[in-house]
Amino acid sequence: MTPTNGRPTARNSAAGGQAGAGDTATNGRPERDGSDAGHGRGAGGSGAARDDTVAGVVQQWRAVHPELDTGPMEVIGRINRCAALLQQAEDAPLRRAGLSRPEFDLLGALRRTGHELTPSELSRETFSSGAAVTKRLKQLTERGLVERRGDTRDRRVAHVRLTDTGRDLVDGILPEQLAYETAVLSVLAPEGQGELAALLADLLSRLEGRMGALRA
């Protein structure tokens, strides 16, 4: 995927019916023709037309506001849609274990860091609000998966750690979870997955830096 004006172009070899690199206009948006109607973005008449749900939404907005650049929708809309679908898929092993994704993220944070964390630290690690973390900790404590101890110097501070049961649960679920995610992502070729990971890493790094600067 070689960017032309800051947006990636698709490769002919990409899996899943992606548009060819030769179909990208100079403004970073694929060219359209009459054969593309109702299917989102075309692929140079190769029959590999975009027909995902976001393409339909973009097509409708272009008809309503042809003067607007809908390019951002094609990126952010697809990221959001993929995130929703992947969330549904990857939650399957967790549901069998009786865990929600946020609960597993909290347990996983304690396991991967390898030490106790305060609720505030867990909030930052899991991108969750303090109230949400407090609620999840209560539920996980009742299930015997985590335990809390008070700080000897400040009674307002609590330290949370996994119990043996909690650690065994995380270690038991993780291989199944990764295998499930591998199967879900198998719709992309390995090199496509690598390119996508690199693009998302670049986007995330830039967004985190920008959002951090805005909050400062």
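## Overall make-up

The chain holds 7 helices and 2 strands; helices (H or I, at least four residues) and strands (E, at least two) are DSSP runs, numbered from the N terminus. Reading from the N terminus, the order of elements is α-α-α-α-α-β-β-α-α. This is a predicted model, in which local features need pLDDT of at least 70 and side-chain atom pairs count only at pLDDT 80 or more, while totals for chains, interfaces and linings use all residues. Residues are numbered from 1 along each chain as its sequence is written, and side-chain values use heavy atoms, with hydrogens and water left out.

Of the 216 residues in the chain, 28% are buried. Here buried means under 20% relative accessible area, exposed means over 50%, and partly exposed lies in between (1.4 Å probe, protein chains only). The chain exposes about 13600 Å², and carbon and sulfur atoms supply 56% of that area; accessible areas come from the Shrake-Rupley method with a 1.4 Å probe, and for residues only the protein chains shown count as cover. Among contacts between residues at least 6 apart in sequence, 46% join residues at least 24 apart, where contact means heavy atoms within 4.5 Å.

## Where H3 meets H6

Let us turn to a helix pair. Two packed helices are described by the angle between their axes and the distance between the axes. For helix H3 (residues 101-113) and helix H6 (residues 164-185), the axes come within 10 Å and cross at roughly 115°. Axes are lines fitted to C-alpha atoms, for helices over the stretch in contact, and angles run from 0 to 180 degrees between N-to-C directions. The crossing of H3 and H6 is left-handed, a term used if the near helix is turned anticlockwise from the far one by less than a right angle (right-handed if clockwise).

On the H3 side, the residues involved are Arg101, Phe104, Leu107 and Arg111; they meet Arg167, Leu169, Val170, Asp171, Ile173, Leu174, Gln177 and Glu181 of H6. By type, this contact comprises 6 nonpolar, 1 polar and 5 charged residues. Ala, Val, Leu, Ile, Met, Phe, Trp, Tyr, Cys and Pro count as nonpolar, Asp, Glu, Lys and Arg as charged, and the others, Gly among them, as polar.

## The strand pair

Strands E1 (residues 146-150) and E2 run antiparallel and are joined by 5 bridges; two strands pair if DSSP finds at least two bridges between them. E2 (residues 158-162) is mostly covered, with 4 of its 5 residues buried. Across the pair, Val160 in E2 has Arg148 opposite.

His159 also lies in E2, and it counts as buried because its relative accessibility is 15%. Its C-alpha atom is 5.5 Å from that of Arg148, a residue 11 places away along the chain. Beyond neighbours within four places in sequence, His159 contacts Glu116, Leu117, Thr118, Glu147, Arg148, Arg149, Gly150 and Asp151.

Leu140 sits in helix H5 and counts as buried, because its relative accessibility is 0%. Apart from residues up to four places away in sequence, Leu140 touches Leu99, Glu103, Leu106, Leu107, Leu145 and Val146. Leu140 and Leu162 are 22 residues apart along the chain, with 9.6 Å between their C-alpha atoms.

Ile76 belongs to helix H2 (residues 71-96) and is exposed, with a relative accessible area of 51%. Phe127 is found in the loop between helix H4 (119-126) and helix H5 (130-142). Phe127 has a phi near 55°, a positive value in a residue other than glycine, and is exposed at 72% relative accessible area.
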